[in-house]
Structures are given as C-alpha cells and as structure tokens.
Amino acid sequence: MISYPLYTSPINGRTPFDEYKTEANGVPELKSIEAEVLACYKEYEDAVNNGIVHTLKPHGFVQPEKGKLQDLYSSDCDIAKKVRSYHNGFTKATRRIYHNKCPYCVLSEPNTLEHILPKGKYPEYAVHVYNLIPCCSKCNSHKGEAIVDSINGLPHTLNLYYHDPEKFQFLQVDCFLDAHNQPLFSYKLTFPSDADPDLASIITNHFKRLHLIERYNEEVIKTYTAIEPIIKSLCSGKTLEEAFSAILDYFHTVSPNYGINHHWIALFQCLISSPQYHTYLNNFCNKK
C-alpha cells in the first residue's frame, strides 16, 4: 500500500470547493444548494483531518439535485484529470520503484479512480478531490459500495490520505519446499505486539475486502521468478555465508525504494531468513 499526502491546499490557490463550483457552473439545479454543499465539504475536510471519513452520514440530497451532483463526475472531468496528474507527479517525485501502481494493492496500474465514499450514496462528494484516489479496476470492484465493517465498525479499507501502512511491519511470507525441493511461498498477516489495534483491524479489513493475500499468493510465482536470477547471480562462486552477505547488501541497497509492507519486500525478507530457503539456496553455492 502507498500512503498519499493530501493535495496541496488550497490547490494552486483553489480550494476543493472552488473546484466543485467550476464543475457545477451552469447547472441551475445546483445553484440553490451551494450553501449546503459547502457545509458538506467543510464536514468532509474536518473528517479527513481527524481520520474519521468512514463516520460521515449522507446529506440526503434527492432528485433532481442528487442526479446533477452525481453527473458532475466523469472520467474526463477536470477534477479527475487533476487527481491523475497529482498521482503521476507524486509517484515520480518519490522515485518509488513501484511508481504507477495502485496504492491499494501495489500490483496493477491505477486505471480508474476510486470514490472513497461512493457517489451513489454520497453524491455531495462526487467531485471532492479528497474523496478520489487512483486505483486499479480489480480493487475498485472488490471494494464495492460498503464503507464500514459490520462486525468491528471500522472502515473496510485503508484511507491512504491519512492511514499510514508503514507504521509497523505486518506482511510476511512463509517458505516451503515441495517434493522436488523447489520453493513455495505463502503470504500472511502478522502484527507486532505493540501495533495499534484499530489500525491492525483496518489493515485486516483492507486485506480481506480486497482479497490481497489470495492475490499476492497468485502473483508470488511471477515475483519470485523475477528475483531468483538475481539471487543465483549473487550466490555464484560463494559459500552460503558469503552469498547471504551479498544478498543482504543488495537488499539494503534496493529496499529504501519500497515500503516495508510491499509484497516484494516481504518475499525478499523470507528468502533471507527462511531455513527452508537456505536449504534450497545451498545447491547454488560453493562448498568450501
């Protein structure tokens, strides 16, 4: 997951509500509710600052105003273009290797925009820039319209404008050797004892809602296939001890370009620490 900073506020001298008014300009049905929408925008921004967007209730706009609010959003409206441009600028500026990936899963390209509060239920936020975030179509589909988990009352997914998935490490990988002594891998969530319990629950909700463990396990063969030639090259002509020293040096060089809970980082740490993988790797090392 990738944590996003909020858009610069005001955005190029314009507030989110200024952006809304530009989109709504010329729609007579929306002129009469401008003060109500402004109040909604202020409430949303307060909720972002306090990390409680999931607690907001729909304002209750009805037709025709509801439909007109929803119609403000389209994939090529100015606000959608600005959000995509912001995403591209942010990921390039941070020089992340996983640049241009969906922040929810870090697996696929962000080929759509996600409404954090769905515009079907919350038409007042259809074009609020803090309510839009790039993501992939698979995450968008899995997330659906639900907002809060009915069991623990916490949001189904991380709000990456204020939740920080890098506060502690929680994504780990187990390694097994099959009957042919080939490595197999399985992802899991494991939270440290001092992890914030609410954040840990939200992360668990996020992984469950978006089927991330299953998706990471489906992707792991491809991920490992890309890593194994690097590992074998680092091991060539070395003892197992020398090989792991070289692997650790490589890991420390590249890991700052990833988040600590990136699926690639979790896999690489498994390769470093797993006795089962050490057994497999010993086949490629010199026996001095």
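How many of the eleven residues of α10 are buried? Nine of them are, so α10 is largely enclosed by the rest of the structure. The legends below start there.

This is a predicted model, in which local features need pLDDT of at least 70 and side-chain atom pairs count only at pLDDT 80 or more, while totals for chains, interfaces and linings use all residues. Residues are numbered from 1 along each chain as its sequence is written, and side-chain values use heavy atoms, with hydrogens and water left out.

**View 1. Helix α10 and what covers it.** Helices here are DSSP runs of H or I with at least four residues, strands are runs of E with at least two, and both are numbered from the N terminus. The buried residues of α10 are His263, Trp264, Ile265, Ala266, Leu267, Phe268, Cys270, Leu271 and Ile272. Buried means under 20% relative accessible area, exposed means over 50%, and partly exposed is in between (1.4 Å probe, protein chains only). Their cover includes strands β3 (171-177) and β4 (183-189), along with helices α8, α9 (240-254) and α11 (275-281).

**View 2. Where α8 crosses α10.** Two packed helices are described by the angle between their axes and the distance between the axes. For α8 (residues 212-235) and α10 (residues 263-273), the axes come within 10 Å and cross at roughly 60 degrees. That makes α8 oblique to α10. Axes are lines fitted to C-alpha atoms, for helices over the stretch in contact, with angles running from 0 to 180 degrees between N-to-C directions. Angles under 35 degrees count as roughly parallel, over 145 as roughly antiparallel, 65 to 115 as roughly perpendicular and the rest as oblique. From α8, look for Tyr216, Val220, Thr223, Tyr224, Ile227 and Ile231, which meet His263, Trp264, Leu267, Phe268 and Leu271 of α10. Contact means heavy atoms within 4.5 Å.

**View 3. Histidine 128 in its loop.** You will find histidine 128 in the loop between β1 (112-115) and β2 (132-135). Histidine 128 is buried, with a relative accessible area of 0%. Its side chain reaches the backbone nitrogen of tyrosine 130 at 3.1 Å. Beyond its neighbours within four places in sequence, histidine 128 touches Pro16, Tyr41, Tyr44 and Glu45.

**View 4. Lysine 188 and its partner aspartate 174.** Lysine 188 belongs to strand β4 and is partly exposed, at 31% relative accessible area. Its side chain makes a polar contact with that of aspartate 174 (3.3 Å). A polar contact is a pair of N or O atoms within 3.5 Å; within protein, one must be able to donate a hydrogen and the other to accept it, and residues adjacent in sequence count only if both atoms are side-chain atoms. Leaving aside neighbours within four places in sequence, the contacts of lysine 188 are Phe170, Leu171, Gln172, Asp174 and Ile213.

View 5. Most residues other than glycine have a negative phi, and most peptide bonds are trans. The peptide bond from glutamine 63 to proline 64 is cis, with omega near 5 degrees, and proline 64 sits in the loop between α3 (34-50) and α4 (65-71). Asparagine 181, in the loop between β3 and β4, has a positive phi of about 65 degrees. Histidine 211, in the loop between α7 (197-209) and α8, has a positive phi near 55 degrees. Both count as partly exposed, asparagine 181 at 30% and histidine 211 at 32%.
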